[in-house]
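User: Can you walk me through this structure? I'll ask as I go.
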Amino acid sequence: MDAFSVIKSLNNNVLIAEDTDQNEVILIGKGIGFAKKKHDLIESKTVEKLFVLRNKAEQENYKKIIHNIDEKTLQSIVDSIEIIKKRVNTFTDEHALVALTDHIVFAIARLQKGLEIRNPFLSETKVLYPFEYEIASEIVEYMNQFLPVHLPVGEIGFIALHIHSAMEGTTLNEINRYSQLVSNLIQVIEDQLCITLDRDGMDYARFVRHLRYTIERVLIEDKVEEPKKMAALLKEEYPVFYNLSWKLIKIMQQALKKPIFDAESVYLTIHLQRLYESIQLKAKTK
């Protein structure tokens, strides 16, 4: 029978232990940590959830966080990790357990103090990462049954970014940087064209996806062939959109610190022109 050797009891329901291969693991189970001392043995049948935290810094961080969590909150976070694992095939739960736990504890503390941080990139997150957003919506709905506070809709966006970070192995800082870049580009477009985009509309979703794919191509330096005749035509026929496309490209270049091929301006001009025409047409039919 497999058994774990206790290293430290964090609370009544969480232990740091060592498995038979001498790996440090997080063991979670109802009452599993009650009155347990170092070197006590824990039978595997009493373990509800097991997480391997190979990174020492994350181990220490998790140990600190866990002291501030009540039983229901902890269980809802662990269950949320399981929800993510069931929906996502390529998912490394080690970092996600620590990051998501830390985020939820911090969010609860803010909300209990009457502080709610607005999510400025909620619309962009919903469009850029629809799959992650769908899972995050399910998690927030689930957790709100057990938490001492009600997580607002903005938290769906934040949790979606945590899920995307865990899926892709990218840092939250990187993801936030690209979401902010898209938001900045949208703001420039609205200011230059004197329009207001419907954040829930299809035109907005289409255009944001185009910006996302443009950023992804730039990051991997994927060259797009330039249709030179079309570029000359667009420059002549749609100078406002053509010049705006170059303004957006310069903003992207500065933010991404990468060269952008001229062809991107052609496709961006076309998308801008279609976006503007669609908005004008809708305004006339109202």
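**Loop, rings and a helix pair**

Analyst: Let's start in a loop: F261 lies between α10 and α11. Helices here are DSSP runs (H or I, at least four residues), numbered from the N terminus.

User: What kind of model is it, and how are residues numbered?

Analyst: It is a predicted model: local features need pLDDT of at least 70, side-chain atom pairs count only at pLDDT 80 or more, and totals for chains, interfaces and linings use all residues. Residues are numbered from 1 along each chain as its sequence is written, and side-chain values use heavy atoms, with hydrogens and water left out.

User: What is F261 in contact with, leaving aside neighbours within four places in sequence?

Analyst: E221, D222, K223 and V224 are in contact with F261. Contact means heavy atoms within 4.5 Å.

User: New topic. How many aromatic pairs in the whole structure?

Analyst: The search finds three. Rings of Phe, Tyr and Trp (its six-membered ring) pair if their centres lie within 6.5 Å; planes under 30 degrees apart are stacked, over 60 edge-to-face, the rest tilted. Y142 and F146 make a tilted pair, because their planes stand at 55 degrees, with centres 5.0 Å apart.

User: What about F241 and Y276?

Analyst: Their pair is tilted: 5.5 Å centre to centre, 55 degrees between the planes. F241 sits in α10 (residues 239-256) and Y276 in α11 (residues 263-285), so the pair ties together parts 35 residues apart in sequence. F241 is buried at 10% relative accessible area, while Y276 is partly exposed at 26%. Ring pairs also link Y238, F241 and Y276 into a cluster.

User: Now helices. How do α7 and α8 pack?

Analyst: α7 (residues 172-193) and α8 (residues 202-219) pack at about 125 degrees, axes 11 Å apart. Axes are lines fitted to C-alpha atoms over the stretch in contact, with angles from 0 to 180 degrees between N-to-C directions.

User: Which residues make the contact?

Analyst: Y178, L181, V182, L185, I186 and I189 of α7 meet Y204, F207, V208, L211, I215 and L219 of α8.

Methods
Helix = DSSP H or I, 4+ residues; strand = E, 2+ residues; numbered from the N terminus. Buried < 20%, exposed > 50% of the residue type's maximum accessible area, 1.4 Å probe, protein only.
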